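Please have a look at the structure first.

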Amino acid sequence: MTFGFAPSAATSLSASAGSVNNVARMLEPAEWAAAGIPLLRSPREVVSGLHSRHRPTPATAVVAVLDHEERLTASASFARRSTVATDGWEFRNALLAHLRRVIPHDLRRRTPVRTAVLLYCREGDERWTEEDGAWMWGLRDACTLHGLRCGAYITLTRGGWQVLGEGRGGRRPTLLSTPSALADASADQAPGPLRTGGGAAEALRRSAAR
C-alpha cells in the first residue's frame, strides 16, 4: 500500500530544540499500517453517522467509541486549538480528557472490548501529513490509557473522507457538505440492529456532542 506525503506549513514541526521530542510523538504511515488496527466493516456508515451527529467544521476532531458490533456507545467532538503544537502528546491529552467525560474506562478488562475511532476534519487532500501522524499517536496512546482498542483514523477533507492506512474512502460526506439528518443516516443502514455512527436513538442520546 502506498501513501503520499503532503508537507504543510500549518502542520510542519518546528525546528526548535523541542522538535525532536515532537517528531517522536507521531506515527509514520508504515508504523500505523503495521499496528494491526482493526478494519471497520462499514466505514461509510461510521463517517456519515458521526458527520450527522456532530456537524464538524475544519480543525474539529470527533472521537467515537464503538462496541463489538460497531454500534455507537459514546462520542465527543472538539476543535483543535490553534495554539496547540502538532504534538501527539497534546492530542493524546485532549482525546483522553473527552473520553473520560463520555465513557468509563475499561482498564479492569484483560482484553479491550470496545474500540475508539477518530474522525478529523482538516484542509488539504487525503495524503498523510505530520499532523495526521500526531493524531494517530495520540489516539493509540489515549486508547491504551483508557482500556480501549485503537481503531481507525479517518480524515474528512474537501475531497471526501479517507481511512488512512486502509486505502478506503469516499466522496461524501465532505468537509463542506451539509450533514444529513440522523434519521436519514439510520435509514440508510441494512435491516437489523442499528450500527455505527448513525447509531440507535438511545445510544445517540447518551453520547456527548461538542
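D87 and R25 form a salt bridge, with their closest N and O atoms 2.6 Å apart; the term stands for a side-chain nitrogen of Lys or Arg within 4 Å of a carboxyl oxygen of Asp or Glu. The pair links distant parts of the chain, 62 residues apart: D87 is in the loop between β2 (72-79) and α4 (88-102), and R25 is in the loop between α1 (19-24) and α2 (29-33). This is a predicted model, in which local features need pLDDT of at least 70, side-chain atom pairs count only at pLDDT 80 or more, and totals for chains, interfaces and linings use all residues. Residues are numbered from 1 along each chain as its sequence is written, and side-chain values use heavy atoms, leaving out hydrogens and water.

**Salt bridges**

- The count comes to 11 salt bridges.
- D87 is buried at 5% relative accessibility, while R25 is partly exposed at 23% (buried means under 20% relative accessible area, exposed over 50%, partly exposed in between; 1.4 Å probe, protein chains only).
- R158 and E123 meet in a salt bridge at 2.7 Å, N to O.
- R158 lies in the loop between β4 (149-157) and β5 (160-163) and E123 in the loop between β3 (115-121) and α5, so this pair ties together parts 35 residues apart in sequence.
- D67, E69 and R71 are linked in a network of salt bridges.

**Helix α5**

- In α5, 12 of the 17 residues are buried, so the helix is largely enclosed by the rest of the structure.
- Its buried residues include W135, M136 and W137.
- G147 follows α5 and has a positive phi, near 75°.

Conventions: Helices (H or I, at least four residues) and strands (E, at least two) are DSSP runs, numbered from the N terminus.
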